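Reader: I am new to protein models, and I would like to learn how to read one feature at a time. Could you guide me through this one?

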Amino acid sequence: MKTTEPPAHGPLTNDKAIRKIVIVGGGTAGWMAAAPLAQRLGQGSRQPCEIILIESPDIGTIGVGEATLPTIRHYNLSLGLDGADFIKKTQATFKLGIEFKDWGHVGNRFFHGFGDFGPAIDNRSPYMHWLRLRRAGEMPSYEEWSTSTVMARQNRFTPPQGDRPSAANAYSFAFHFDASLYAAYLREYAMRRGAGRIEGTIVDVELRPEDGFVAAVKLKDGRRIDGDLFIDCSGFRGLLIEGAMKAGYEDWSAMLPCNSAQAVPCAKVAKLTPFTTSTAHAAGWQWRIPLQHRTGNGHVYCNGFTSDEEATRVLLEGLDGEAQDAPRQLRFTTGRRRQQWVKNVVALGLASGFLEPLESTSIQLIMDGVGRLIQYFPDRDFAPALAAEFNRKMAFQYESIRDFIILHYKLTQRSDSEFWRYCAAMPIPEALQHQIELFRSSGRVAIRDPEGFAEPSWVSILLGLGVMPRSYDPLVDLIDEQALRTHFSRVRTAIAQTVAGMPDHGDYIARHVRAEAPAMAENAA
């Protein structure tokens, strides 16, 4: 049957199409939503839609999301951003993974790198063969087969090279960047494509009497901003999703007890490291995120186990440069909204929930929330099934990340503080307990979320925290042991030689993507 294709140009006609999107709140979440929406629905679109973002000068943004995961590169690429320009404008550095210090036990040190532990062998993960060889005799640390880890230990960086699988491309990378500068960068991008910005403070939310949908928001100066779709990026308070929609909140603080954070920038040091550092303390942990112009630092902790004053002392003593400001105090409750899309309101960022930034997932959740909104983009009928599917996927992702973060705390062997004794004894989800026991007994990794952290990430954390499996896959015994040792030796040598030829991380940035001038924004830590 012959079909008629729509014309390549000209406006589309859909009487029910979304005509106006109102984004409540700026910062990273607001502008990460505005940018791809303006790209698709802004000036020049066949179905143009007005996009308005409302920012309040009275309400500060919380910029703790400076460290990212490799998928941020796909987001940037989808917008067509110039990679070098983005790095220069946001004072960015490269990130190969996270170094963990004093997690599991004091003095422990391990790395969660972006990449695997070498090529699969006979369709079995390389770490499984490593377990066999370790059982049979002496073997170096599994980390020596992680290219990203070896690079990080030597402070090296260059982007992956070549198309054929080799040590030169057996890794991935993300970025550290100034969150305020990234938001400003995306604001410029979105506004060039037709997004509008209104400065004002929302004092009231007007609901439609017939169905409870948001009709408009009212500003302190009397202006009324109406819309069809409202995106709540108002932060922890959830002005629309909770204040108006009463979505409810699922509290996970019994399993993730940290409820406070202090953040402070400090002067940069000469050695520009290509990784985030997470150092465990008596009642929480401290992050260190190197940027081109400064270093971001923060102390995440539970105020039920330490005082704010003690937390400040620990934070400042852990800095490797002079503090550039007084620490900013933050409070939070770990968890998520029971529904993140209610009627014509979609929550993103801190308005949708909060998981501490231990594995740099804050911006990932914003990015995936925006992506799913675009995937299930509604018309003005707002079919309930669209919201239901969005909520199902976001809830599953939040729970998957939650369990991965719980893993870091639950497997501690520390007993030097009340906080760590609580973490070791606390109940955890049954699914996570199964994942731990499966690995402990057989070395297998159960991946519940194929879009989440992959097998090498789970292996890095489990082995790094001291969980050595009692057994391994018996099918790996089918390979000759000496041939296997020769293979491992060859791969290890190739990684070492490849990394030795890479430039220093700081030198690479200085040569290729150095920021032209120090940034003015210093408030996102």
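Author: We will look in turn at a sheet, a helix, a leucine and the cysteines. Please keep in mind that this is a predicted model, in which local features need pLDDT of at least 70 and side-chain atom pairs count only at pLDDT 80 or more, while totals for chains, interfaces and linings use all residues. Residues are numbered from 1 along each chain as its sequence is written, and side-chain values use heavy atoms, with hydrogens and water left out.

Reader: How many strands form the open sheet, and in what order do they come?

Author: Strands of a sheet pair through backbone hydrogen bonds, and they do so either parallel or antiparallel. Helices (H or I, at least four residues) and strands (E, at least two) are DSSP runs, numbered from the N terminus, and two strands pair if DSSP finds at least two bridges between them. Here 7 strands form an open sheet with mixed pairing, in the order S5-S4-S14-S15-S16-S13-S17. Strand S5 (109-113) and strand S17 (328-331) stand at the edges with a single partner strand each, so one side of each has no neighbour in the sheet. From one strand to the next, the twist averages 20°, where axes are lines fitted to C-alpha atoms and angles run from 0 to 180 degrees between N-to-C directions.

Reader: Which strands pair with S15, and over how many bridges?

Author: Strand S14 (residues 276-281) pairs with S15 in the antiparallel sense over 5 bridges, and a hairpin through 2 residues joins them. Strand S15 (residues 284-290) also pairs with strand S16 (residues 295-301), again antiparallel, over 7 bridges, and a hairpin of 4 residues links these two.

Reader: Is S15 mostly covered or uncovered?

Author: Buried means under 20% relative accessible area, exposed over 50%, and partly exposed in between (1.4 Å probe, protein chains only). By that rule S15 is mostly covered, with 7 of its 7 residues buried.

Reader: What is the length of helix H8, and what does it pack against?

Author: The expected span of a helix is 1.5 Å times one less than its number of residues. Helix H8 (residues 362-375) has 14 residues and reaches 20 Å from its first C-alpha to its last, close to the 20 Å expected. Because 10 of its 14 residues are buried, H8 is largely enclosed by the rest of the structure. Contact means heavy atoms within 4.5 Å, and the buried residues of H8 pack against several elements, including helix H1 (27-41), strand S11 (229-232) and helix H9 (384-410).

Reader: Where does Leu133 lie, and which residues does it touch?

Author: Leu133 lies in helix H4 (residues 126-136) and counts as buried at 0% relative accessibility. Not counting residues up to four places away in sequence, Leu133 touches Met139, Glu481, Leu484, Arg485 and Phe488.

Reader: How many disulfides does a search of the whole structure find?

Author: A disulfide is a pair of cysteine sulfur atoms within 2.5 Å, and the search finds 0 of them. The sulfur of Cys423 is 7.0 Å from the closest cysteine sulfur, in Cys258, which is too far for a bond.
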